Structure formats: structure tokens, C-alpha cells
4 protein chains.
Amino acid sequence: MVRVVIVGQGYVASIFAVGLERIKRGDLGYYGVPLANELPIKVEDIQIVGSYDVDKTKIGLPLYEIVQRYWKGDVPETLQEVFVRKGVHLRSLRNLPIEAVGLEDEMSLRDAIEHLVSEWKELKPDVIVNVPTTEAFVPFEDLEKLEKAIKEDDRDRLTATQVYAYAAAQYAKEVGGAAFVNAIPTLIANDPAFVELAKESNLVIFGDDGATGATPLTADVLAHLAQRNRHVRDIAQFNIGGNTDFLALTDKERNRSKEYTKSSVVEDILGYNAPHFIKPTGFLEPLGDKKFIAMHIEYVSFNGAIDELVITGRINDSPALAGLLVDLVRLGKIAVDRKEFGTVYEVNAFYMKNPGPKEAKNLPRIIAYEKMRQWAGLKPRYL
Amino acid sequence: MVRVVIVGQGYVASIFAVGLERIKRGDLGYYGVPLANELPIKVEDIQIVGSYDVDKTKIGLPLYEIVQRYWKGDVPETLQEVFVRKGVHLRSLRNLPIEAVGLEDEMSLRDAIEHLVSEWKELKPDVIVNVPTTEAFVPFEDLEKLEKAIKEDDRDRLTATQVYAYAAAQYAKEVGGAAFVNAIPTLIANDPAFVELAKESNLVIFGDDGATGATPLTADVLAHLAQRNRHVRDIAQFNIGGNTDFLALTDKERNRSKEYTKSSVVEDILGYNAPHFIKPTGFLEPLGDKKFIAMHIEYVSFNGAIDELVITGRINDSPALAGLLVDLVRLGKIAVDRKEFGTVYEVNAFYMKNPGPKEAKNLPRIIAYEKMRQWAGLKPRYL
Amino acid sequence: MVRVVIVGQGYVASIFAVGLERIKRGDLGYYGVPLANELPIKVEDIQIVGSYDVDKTKIGLPLYEIVQRYWKGDVPETLQEVFVRKGVHLRSLRNLPIEAVGLEDEMSLRDAIEHLVSEWKELKPDVIVNVPTTEAFVPFEDLEKLEKAIKEDDRDRLTATQVYAYAAAQYAKEVGGAAFVNAIPTLIANDPAFVELAKESNLVIFGDDGATGATPLTADVLAHLAQRNRHVRDIAQFNIGGNTDFLALTDKERNRSKEYTKSSVVEDILGYNAPHFIKPTGFLEPLGDKKFIAMHIEYVSFNGAIDELVITGRINDSPALAGLLVDLVRLGKIAVDRKEFGTVYEVNAFYMKNPGPKEAKNLPRIIAYEKMRQWAGLKPRYL
Amino acid sequence: MVRVVIVGQGYVASIFAVGLERIKRGDLGYYGVPLANELPIKVEDIQIVGSYDVDKTKIGLPLYEIVQRYWKGDVPETLQEVFVRKGVHLRSLRNLPIEAVGLEDEMSLRDAIEHLVSEWKELKPDVIVNVPTTEAFVPFEDLEKLEKAIKEDDRDRLTATQVYAYAAAQYAKEVGGAAFVNAIPTLIANDPAFVELAKESNLVIFGDDGATGATPLTADVLAHLAQRNRHVRDIAQFNIGGNTDFLALTDKERNRSKEYTKSSVVEDILGYNAPHFIKPTGFLEPLGDKKFIAMHIEYVSFNGAIDELVITGRINDSPALAGLLVDLVRLGKIAVDRKEFGTVYEVNAFYMKNPGPKEAKNLPRIIAYEKMRQWAGLKPRYL
């Protein structure tokens, strides 16, 4: 059994919830779940025990009602039992057409953290999954500065994710162990302040930014070229989508944080910094959750020949990440059981766009997968 | 030093020759050569000592003149020294607009083999590289049947590649070791008859069918999907080009042999045989050596979502293979020095579309590369 | 009111039937119907009064049951009233996994024609729409030869479409006027024998081969390039699909007839025959009715610069043609009312891949559309 | 004979100059010139008599030297005779890595205009072609305001293009007629102030923004869909390139002016404003002048089916526009000879992204071409 609390009951969390229940009900196989049912902890053992959001129209409602905003099929009745609770927002929905309310509207951040921890001690999650909308943020780097910002109630400095991660550490410390899965770009597993805090507090952090869509594919395509010593001249990559996350990325500041995440892939994999333009590009509402991606790569082959590849695709954004979460919550529980507190590169390298810790590099995902299996105690698939 | 004899002085062999000499001259880096200059045997150590063809208009001419048919740049003068000799054709140019002449027009196949062996004993190649046009063929499977066909001068049963590989074995036996690199689809490393013969004769075989273009990329993209447990519904892949190899593939029989090669990738990588249409599709003269590829893949992600990828590209066909040959001749020499006679899966798995021996499977190329490096005594790149 | 008889109750005819009824029911707008509801005859005025097929499992069933094989949504009850009757097959389903039965199994072709005419005199269609699977055929060119083949019951020479068109002419002669819409590649509007027969018999023929998918788009893209005097170097076009029509095209002979149809577009539009490879390429069952197309065009721009365009798409094959039929049956009735017997180039030039009569050329579709509107008595849209 | 003065001796103007001379020399056909040599004024009759720029490193040099920065082939010696003169910049190179100098550094705008006019009276151009880098601008709308800005030397209000167009009007007035071809996005043919001025001054204006690349193709593809009543759900279009114009577009303000130009195409052609994201997206230096474009269109077909088209391409940016200029200067002379002062929609509708006058709409280019031919006194090609 893995008990899960969700932070950010949006598209991804809703598809995660509905997909899990459909699997339990026997409607679906394990497609989109990288480790399928190979782990000792089964998919069917995952239980969502709590959910948090700051959208005024969601708080207090059962997941059963929320997920219908994102999924048009038959929703399992089991989702009647979990109700959305109020979290903290700290401007995370700024500029979006959503009315945000948060615990911090009524109390200090310290009290909000205490409130969360006390709720969690009741809900008893093994894993807290952080999937709110992309935030604008600045990493702390230094644990003392983080502690100070909390103490001083510094609402301009802290983001919601940073506060949740801090609360998760307090909770883990009190209960002897828990995991925090950070699926968004805010640096947590890449912020030495949080990794230090996690080690002190029996917290496992996985992060940052779930590796869906074009980025992990780019990593593998670039590795493919690098292994043939084809010299990449330039890479252009576009993404355009119609879900709230794309809407949020039209906000300049937020977009910048995303960009930071993705660009290191090129140098990590190729060994040199090929000129590239890799950015989430725009919001186009009718595309909905099914984003359009386009990528152009130009490279030099033997005898100076110049080749070109173009990759385009239509990819369902939220299911891609939701499928990864099904593994991550189980691996989080395994890491807690093994007491591997801090962050786990072997897991992050496969599942995350920006695998922590800070100094860690991107690997070709095909190789990262094999190493992750070995970490998880499974036989490699191809190695 | 690696002494190389080429069989089939067409587009690939000419780009190989010109690229090598340009590297020696300092005009080019090692782009397109997977192992660049990391091996103990340097790129600059490779020397082409002989060349064979059956095109009447090529025999007797220096490489210097031949390569100008394929390469419009400045041709190194060093290619003045090697002259094209007459090989065997055995209908391999049938239906192509080329007048073929061969040793077998004047003598029995046995005598032709003896003739080749005696020339090679003079030229002293370490490695014989087989890159003629794709042939229609039937594998032997049984060494006795192969021996019998040679003895009985069975010109309907044998292809040119099979005769060259047989001659290479005779040569290797006499001189104590040599390598035969089969870069075309005819099964040699996948034919147990030839692998058995090679083991008995101090021959190293690498094969079959150099892994250029869309197939190895498909392998890696499919591995990428398999590792996320995305269920592939269908794969369509087209290739169209304007060089002689594409012209040859418009011949029904030849096309069939190519098709055989490629289709196993899908099942080897995915673990199930997803419906697919993967075929060299057509000949379009103005495309020249720069083929157009298009691939469509449809797969099921989490919660039943259906995604699509489309990959298109313009790829210079001959340089892609020529760059691999720069490694293969050096690895061939290394294998001979180590007396690893028969065939070497670790090499084939990365460089070949249809890696021998017969029972061997396709691996994701990104993993095959790391294993090949380890075989070659190099540090893995990402592993 | 337009009374319609359908020949070939497959995918296209079923989508035509269900789409029409859904429009009448108010479920759908006029999307996919080029002239929407601009004609004096309204979409709601179209009535399917009869249907013919030769698939043993379809004959005798109501359309209501047949269309459920192709359309998974809610089927209008109105389709309970029309039952599929037995037609003629003449080997048209050869090599397909369908058991064919036809009138000609029990009687001579002459009698079968008489049988059809007498049924039609009862059903009173204004328009007969021919949409069976692509056939292998040879045009007649000479009316006497056609008459002779009918008289002599020459089942090897005649195809089902040719027999239906002949029967339509007999019917039109007897009732004073009717239209025959040939939506498949068999040459009817391009066969002078049939055009002559039509003129003598009060028959309007529209044909040949409904212009869906990539061909009309190619026509417009080529016109776009021609108008800028960009010199097209080569064109490659692939289609792959999973419906019965694609399965039929894997039959060599049938494929050839399709190829004939499409290739003239290039020369008609560009004014020179640019090298091209334009073929329906393959069958891939899971694609179903939603075909994948890919097109590559390379051209020379000013100062010798070389540009490239690649177009890929996922296109629902049957709805594309079904939408055109909604116009064609109404235009057929208009032509009959105007007594424009024979064939009507203005209509064919927009709606058909191979617009008859024989000597007629392809136009850019964007221009053909405007001329067709003028013929139909509508104001041009952009002209 | 057409005498031409160029404003902005960058990539486009250099390819225009070199291509023209190569045609005269017999090296090239008329590819990329829409009207080829069909006009009474021949391509060989065009003569470049003057050139202006504000890049300090260009002023005073012969075209022969400038064009070598953009064209690596053999440059015709005839370009030795024209020297680049100093123009006005008015911040047009702001934020670009170019040192700008202009007449206005030494004198008032009035005096600069007088200076230009007096030089032109000596050079005697029939046509002035404006092809500098994209500027940030605000249209005037009202001729009095324009006159006032000139009089008051309002350097913050005026752009270089506006000053050149004003000078062209003064010149035309004095010599009895001239043409001004505005190939960049600044509104001139769409600014009623300039059209009024042109009518008063014997000036012909063609503009605005030469229709190269993806926009005119989008217009024709959308017309293709509109004529089939396929309902466009969304359009995403990306452009990325490596020439100075793309670099300039990374400047926020300039980018906005480009965006304004392009977006009206969708509504003009479809008749409704389908959701779209159509923007020049980024700068990627190694792409050079050969931009990468990607476009995704999703539409509804008959019976509610949803289809998708994806168009990608590699397009040489400058030759595309340079080829249009070869026509535009000849058509400009024809319009002057006919005294059609003001602006000419028939010409603009085909050649311009934003065809003036202000209230004019975009047409499908395939139709605009035919109307333009008729205006030019040529037989339509397909109509």
C-alpha cells in the first residue's frame, strides 16, 4: 500500500486519479506506466488519501466532481471519497483566469505549514506529489536562507512549491519518513537547500519537472546522433498547447524558469553546446491537453554531408506525466523504506527533465531507464 | 596500419575513399565516424590497397577517376594509385542500366575464387569490405550445401557476395587471419554456413547490412516508447531515394530481401509485433544520394490516450554508411588480432541492421553502442 | 427533393447516409460539404431511396445495420427503411476477404441490366452514386465495343462500374433523365464510349474518382509554386491507410489504375512533367479510415536557391468523399433539370481527381471551385 | 529599361542584384520570378542605378564587394559600378550588432529628404525599392500629421521607411512619376496618409511586406479548406531563421509589427477568425538565410471527422523576396507609365503579405495571381 497526497488537483492529478481507479476496476492495462506492474508494490496498491488546491471553485468538492472537468469518460465512483482541501498559493495563479484562495490568506506561512503537517499526520501519506501550475521562482541554494524566509513570512520570496516541500520535510521528520515528488520546474531536488533539509528530515525528494513530451525524446535522439559522431549544427524545438500549463507559460517570468530547465539537455548529451532554440512557444486553446510539438535538427555526417531531421507530434500532455507518477509514488515508498533520504539521481535521471541533485547531468533516457531498473531491483530490459 | 580491399566501387565506397583521404589531408574532422579517433588504430592508419567492381566502365581505372562520378569536390591525388580490378557479378546488376563483366565470364567460380585469393595474397588486405548493390539471394544455412554449390559451379544458386565471402575465408585460412565486412543485406553473418566456415578459416565476419538511415533511429525511438510502456498501435515508414541502390530496390526480388532485414526490429525492441509497414518505397532520380524518409508512429499512453509521432528527414545515404566503414575496418583488424573468428555480435549489434549471428536480436542502438565500446576496450560514454 | 440510389454500401456510402441523416436531425452543421446549403436544392432535400452491394453479409439488411460497421456513434432510426439489394460484382471483390454474390450469378448481364432498370423505375432515383471498391479495368473508348461486350455477356471485359453506368443510361433513356456520379477510378466520364452513350440517353455523368485526400491539395500547392515560377525538381507522395480501399490497392492491377489517375496532375498544373513518385503505398490495418499521407516537394527558387516543403497529415478518408457526394447528387439533379447530358467539366474539375471528358486537364482546385460555383449559378467566393 | 534605386543593401537586395546580373549573363533561367519574361519590359531591362544603406561598413563600397557577404558564388563584375550611399536610419538598426550612420546625423530630416531627392534627380530611378530591416513603427493615417512630423524634425515619430517614402513622393512630384515598392512590414500602402500623398505626387506605391515564405502558402491552404467547407479549429505556425531580419524580430517591438501584418490572413480567407498562433518565433544563427517553418492545421470534415495537416519546410528567405522584386520593379514602371498613382491592389494582393490599401483584404494567392496577370495585360494562366 502507498498512501498519496496530491498537491494541485488540475489536469495531471485528475488523469492520475481516474487512470488509477480505471486500472483497479480492470478497464485499462498498464500502458503509459514505465514499470507496469513489475515492482513489488503493485499499481493497485496506490491509494489517494488527500488532495490540495487553491482554486476557489475546487475546494471542498470530491475528486469525483473535479476530474469530470478534464475527463469526459465514465468516472469511477471510488473518487467520491476524497475531498479537495485548501492549500497555499503564494501568487502561483497570478495572471491566470482563476480565483485563488489559500491558507496564507488567514494565517502566517509558519501556521499554514503547521496546519498542513497536522492534516498530513491524520491522512498518513507515504508520498506527497506536487503538480500545481508552473511557478516563477528563485532557488534558495542555502538552507539558512530558506529557514529565514519561512520565519519572516517572506511571501515575495517563497513559492507554494517551496512551502509544500518545507512542510513535507517537517512531516517526514515527525513521522520518520516520507517522499516528496516534485513534478514541476521549480528547483527542489536541484536546490541544495532542500536536499540538505531532506537529508536531515527523513525526506526523499524526486525532481525536478516530470520528463514528458519532447525533452526526453530529444535527449534520446541527440544521444543517437552523438554516438555516430554526427555534429549537430542547430536544434529548433516548438511546443504549443491549450491547457492551463501552456496558458501559464505565456507569462514571461514563468516561461523563463521552464527554459532554464530544458536547455542543459543539449550540452549534457552532446558534450558541446550546439546552438538551439528550445522553448514552450505558445498557447492555443482548441489544442486542449493534446500539444503539438515540432523539432528540427541539422547535423554534419561523414565527408561533410549535411542531414536534417524533423520530428512533429501530437502528444497528450497530462496522461504522459500521470503515467510517470504511477511509478514515482511507488519508487518514493521504496526509497523511504530503504531510508535513501535526500534525492535519488537514478530515479530522477529517467523521470525528470531536470534531474537533481544540482550538479547532476542529463543522460540519454534509454540508458537512464536501465540504471533506474537496477536501482529498483529489477532486471535491466536490454542491457 | 589497416590494409583494406573494397568490393563494389560505387557511391559508398567512393565516399569512403574520398573522405578518408580528406581526413588524412586535414580537410575534415571525424564527423560521422562513431568512434572518431578513440581507437588505438587511427583513422589515418587505414589504407585502401585494392578495389573490385564488375561495371565495365570502371574496371582498370584509378579510384581518382571513379570517385569523381560521386563527389563533386576536390579529389585527393593519392587516389591515383589504386586501380579497379574485375570481380564476379553473378547477375547482381541484372535489370540495372549497367553492363556487367566478371571473372566468371572467363572461368569457373572455383577458378575465380582462386584468382581472387591469389590477388589478395599479393595485396595483403587485413579487411575486405563488401559494398556492392543489393542482391536477390537465398541463404545457405548448411556449410556442406555451400561447398557443393561452389564445387558444382552453381551460378543460379550463388550470389557475388556469397562468392566473395567464401574467397575471403580461403584467403584468411591461408594467411592466418582476415576480416570480411558485409555492409549489404545478403545474409552472411546471419547464415550459419558462413559463420561455421569463418570459424574454421580464421575469418572474422561483421554483418549484415550497414545500419544507416531510418532503421537504427526507429530502433531507438521504439525503445524510448517501450521504456515508457507506451503501446505502439502501428508504424509506417517510407524511404525514397535516387541512387543506384534505390533503383535496384525497384526490382521486386531484391526489395523482398531488404524487407526481410528490417522488419524484425519492431518485435525485437518492443517485445510484440506491432503492425507495421516498413519498406524502401521508391526511386526518384533527382533526389540523388539524399534520400527522403518519413515515419508515422501511433501509440497508447496512460489512461488510453493516443499520441502520434511523425519523423521526416533528408539523409545522405552513402556518407552515413561510409562513416561506419571507417570504424568497421579498424574493429575488423582488432578482432583478427584477438583471433575472435566467426562473427562478433557486440560489433554487429551497433553497426548492422540485421546483426548476426542468426539467432541474435536487435538492441536499442543507444545501448548497443555502449556495449560495442566496451568490447573495443573503450570507456562507455554514458553508462 | 433529390432521390438517390447508392451502388457500393461500404465505408463512404455509410458515412454519407449517416451524415445526411444527422444533418437532417440537426446534430451537425454542413462542415465538409463544399457548397454547404447555398444551392437551391437543400441538403435536407436529399433522400436515399435504394442501395446495392455484392457482399453476401450485407444484402437484405437495412442501412441502419450496415452503417454500424463503420460508424460507432448513434445511428438515426430513419436508416431502418432502406434495404441493401443485390448488384453485380464481376470480380470486383477478387482477392479481398469478402464473399461476393451478384445478379450475374443467376442470369446474363443483359438480364441483370434489365433487372436493375426495372428496380430503378420503381425506386425513381434522380441520381445513381457509384462508390464500390476500386476495380481493375480497361476503358472502352468506342461505344460499339461497349455495346458488343454487353451483348456477348463478356464478363472478362466488363467491370461492375461499367455495367452500372450502362444500366444508368438505359434507365435515363426510359425515364427522360438521370445522373450517374462515378466516385471511383474506373474511367467513365473519361471514356468517350460512355460520354457518347450518355448524350444519346439523357444521362449526366460526373467523374472520375472523387477528389479527396492528397491529390487536390497537391494540385493547389503545385499551382502555388507554378505561379511563382518555382521550378519543381521532384515530388514524392505516400498514402497509407487501413480501410478496404487500401486493402484493395495492394492488388497490383487495381493499384495501377489508381496510379494512372493521379499522375496527370503534375503536368497539367506545372506545364512540365516534373519527376514524381505519387502512389497509394500500403495497407496498415490499425490506421482504419484515417489515412496517413506524406509529401515531399523540392523546388528551385530565385538565384538557384533550393527549397523544400514536406506535408504530412492524418485524414479521414470516407468523410472527405462523403461530403463531396452531398454536393454531387444535388448538382447532378440540377444538370438533369438543365438537360446538360454527357459530362460536365465544370463540376468534374473541382470534385474529381481525373476530371472528364478524356481530353480535359486538371486545374488548380482553388480556381476550379470558383468556376464550378459560376456553373451552379452561385456568386464566386473570391473571384 | 527600368532604373532602380535600392534602399537597404542587405541580404535581399544583394541576392536581387547578383541574380539579375547572372540572368543577364545567361547563367540562370527565370526561376523564382513569377512573371518570368512575359512582360513587355524584360528582366534584362532592369538596371540598378543606386543603392543606400546606413551600415557604416557598407557605405562607399561597390555592390560587388557587399554582395560577397551574402553570396558565395562568382559575382558578376558589372556590380563594380554601383556604390552604396548614405541613407537615413532613425533607430532602425537599434539593438542590432551594426553601427549605423545616417544623413540625419549631420542635418535635419527636411534637409536629408532634399538631399535624397537631389541625388535621385541625378540617378533618375523609375522605381525605389525599400528593403531595409523590419522597423518598429506607428502608421500616420492622416497626411497632415505626417507633414507636421517632417516639418518638426520629429525623429521619435518617424521611421526610415516613412522618410524614404516621403522623399519618393517629393521626387515623383518633381519628375512627373515614380514608384516606391515597400517590401517590409511598415505600413505605407496601408497608411491612408501615404496613399493620399502618393496620389497628389504622381507616386505609385506597392506594399506592404513582400509575400514570401509561409504566409502566402497558408493563404492558399486555407482557401483550399474553405472551399470544401472544412471548419478550421486551430492553426499554429512557426518560423525560425538565422538572418538579420530574424535577429531584428527578437526585438519585442519589431516583432509586434510583423504579427499585426500576418494575422488578418486567417479571417480574410476563411470568413471567420479561427484561433491561431502565427508568429515569427525565433533566431537561430546557423540556419542562416534558410529558415525552418512548421505549421499545424486541425479542421472538421464531414460527419464531424477531425483531420490534421502539418507542413514543414526549409525555405531560402532572401531569394524568395528577391524574385518578387524582379516583377515588382517592372510592374512599378508599367503603373507609372499608365499613371495609376496611389496604390494598386491587383499587384499588392499577389505580392504582399499585407496588401494595401488599408481596407483591402487578403485573397487566396492562386486567384490573386490570375487577377494580377489581367491587370498586367497578360492572359490568365488557369482562369
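How many salt bridges are there between chain B and chain A? In this predicted model, the count is zero.

Figure 1. The size of an interface is often given as the accessible area lost when the parts come together. Here, chain B and chain A bury about 5500 Å² between them, and 58% of that area lies on carbon and sulfur atoms. Chain B contributes 65 residues to the contact, and chain A contributes 65 residues.

**Figure 2. Helix α6 of chain A and its buried residues.** This helix spans residues 192-201 of chain A. Its buried residues are Ala193(A), Phe194(A), Val195(A), Leu197(A), Ala198(A) and Ser201(A). The elements of chain A that cover them include the helices α4 (143-151) and α5 (160-175), together with the strands β6 (203-206) and β11 (342-343). After α6(A) comes Asn202(A), which has a positive phi, near 65°.

**Figure 3. The packing of helices α4 and α6 in chain B.** Two packed helices are described by the angle between their axes and the distance between the axes. Helix α4 (residues 143-151) and helix α6 (residues 192-201) of chain B pack at an angle of about 85°, and their axes are 8 Å apart. Angles of 65 to 115 degrees count as roughly perpendicular, and α4(B) and α6(B) are therefore roughly perpendicular to each other. From α4(B), the contact involves Leu143(B), Leu146(B) and Glu147(B); from α6(B), it involves Ala193(B), Phe194(B), Glu196(B), Leu197(B) and Glu200(B). Of the residues in this contact of α4(B) with α6(B), five are nonpolar, three are charged and none is polar.

Methods. Residues numbered from 1 in each chain as written. Chains lettered and ligands numbered in written order. Predicted model: local features only at pLDDT ≥ 70, side-chain atom pairs only at ≥ 80, totals over all residues. Heavy atoms only, no water. Buried < 20%, exposed > 50% of the residue type's maximum accessible area, 1.4 Å probe, protein only. Helix = DSSP H or I, 4+ residues; strand = E, 2+ residues; numbered from the N terminus. Contact = heavy atoms within 4.5 Å. Axes fitted to C-alpha atoms, helices over the stretch in contact; angles between N-to-C directions. Parallel < 35°, antiparallel > 145°, perpendicular 65-115°, else oblique. Nonpolar A, V, L, I, M, F, W, Y, C, P; charged D, E, K, R; others polar. Buried area = accessible area lost by both parts, 1.4 Å probe. Salt bridge = Lys/Arg side-chain N within 4 Å of Asp/Glu carboxyl O.
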